[in-house]
Amino acid sequence: MAVFITETCINCDACIDECPATAIVSADESPLPHAEFTYVKPEKCIECVDAAVPKCADVCPTEGCIVWDMPYTEEYNDYFVLSDDYVIRVHKKHGLLSPLVAPRPFRDSISQDVRASRIGVGETLKLYN
Ligand code: SF4
Ligand code: SF4
C-alpha cells in the first residue's frame, strides 16, 4: 500500500486534498461497510514516493493516526484482497485492482517490520533523509 488510517482519526479530512494520488476518501465515501473513519484506498496510494514525506501524515493533526501498512505488491496480494480493513475497487474493464493486477509504488526505506507493526508514519520521518 500503503498507509492506513486508524481509529484515532478525528475525520477532519485535512489529508484528502493533500493526496497526490486521490487515494483518500471521507468516511461517508469509504467502501468499508459501516465506516467510521477517513479511508485510504491501497490500490491508489503511492506512498508519496516523489515527495519528501507522505503528504497525508504531514498534515494530519492526530499523532500516530496514519500508520504504515504492507507494500501494494504481488507478494501481499492475499493480505489486501482478504483483509477486513480494505475493500479493493473493481474496475469495469480490468476487474479487481488487486496487487497482482495493479501493483503500486512503495518506499524501500520502510522495512517490512515497521509495516507489519503498523508504526506511525510520523515516527519514521528520520528514515526519509
Ligand atoms: S501516502 Fe501519499 S499517496 Fe498515500 S494516501 Fe497518503 S498522501 Fe496519498
Ligand atoms: S488528517 Fe488525520 S485526523 Fe484528519 S481525516 Fe486525515 S487521517 Fe483523519
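A: Happy to! Ligand 2 is surrounded by 15 residues, of which the closest are C9, C12, C15, T38 and C60; a residue belongs to such surroundings if its C-beta atom, placed from the backbone, lies within 6 Å of the molecule. This is a predicted model, in which local features need pLDDT of at least 70 and side-chain atom pairs count only at pLDDT 80 or more, while totals for chains, interfaces and linings use all residues. Residues are numbered from 1 along each chain as its sequence is written, and chains are lettered from A and ligands numbered from 1 in the order in which they are written.

By class, the shell around ligand 2 holds 11 nonpolar, three polar and one charged residues. Here Ala, Val, Leu, Ile, Met, Phe, Trp, Tyr, Cys and Pro count as nonpolar, Asp, Glu, Lys and Arg as charged, and the others, Gly among them, as polar.

Let us stay with T38 for a moment. T38 sits in the loop between β2 (24–25) and β3; strands are DSSP runs of E with at least two residues, helices are runs of H or I with at least four, and both are numbered from the N terminus. T38 is buried because 25 other C-beta atoms lie within 10 Å; buried means 20 or more such atoms around a residue's own, exposed 12 or fewer, and partly exposed in between, with C-beta atoms placed from the backbone. Beyond its neighbours within four places in sequence, T38 is in contact with I5, C9, N11, D13, C15, I16, I24, S26 and A27, where contact means C-beta atoms, placed from the backbone, within 7 Å.

Next comes V40. Setting aside neighbours within four places in sequence, V40 is in contact with A2, V3, F4, I5, A23, I24 and C45. V40 is also one of the residues, with V3, C56 and I66, that touch the most other members of the 28-residue largest nonpolar core. Such a core is a set of buried Ala, Val, Leu, Ile, Met, Phe, Trp, Tyr and Cys residues joined through C-beta atoms within 7 Å. Two or more core residues come from each of β1 (3–5), β3 (39–40), α1 (55–59) and β4 (66–68).

Now the wider view. The chain has three helices and six strands, in the order β-β-β-α-β-α-β-β-α. Of its 129 residues, 34% count as buried.

How values were computed
Two residues are in contact if their C-beta atoms, placed from the backbone, lie within 7 Å.
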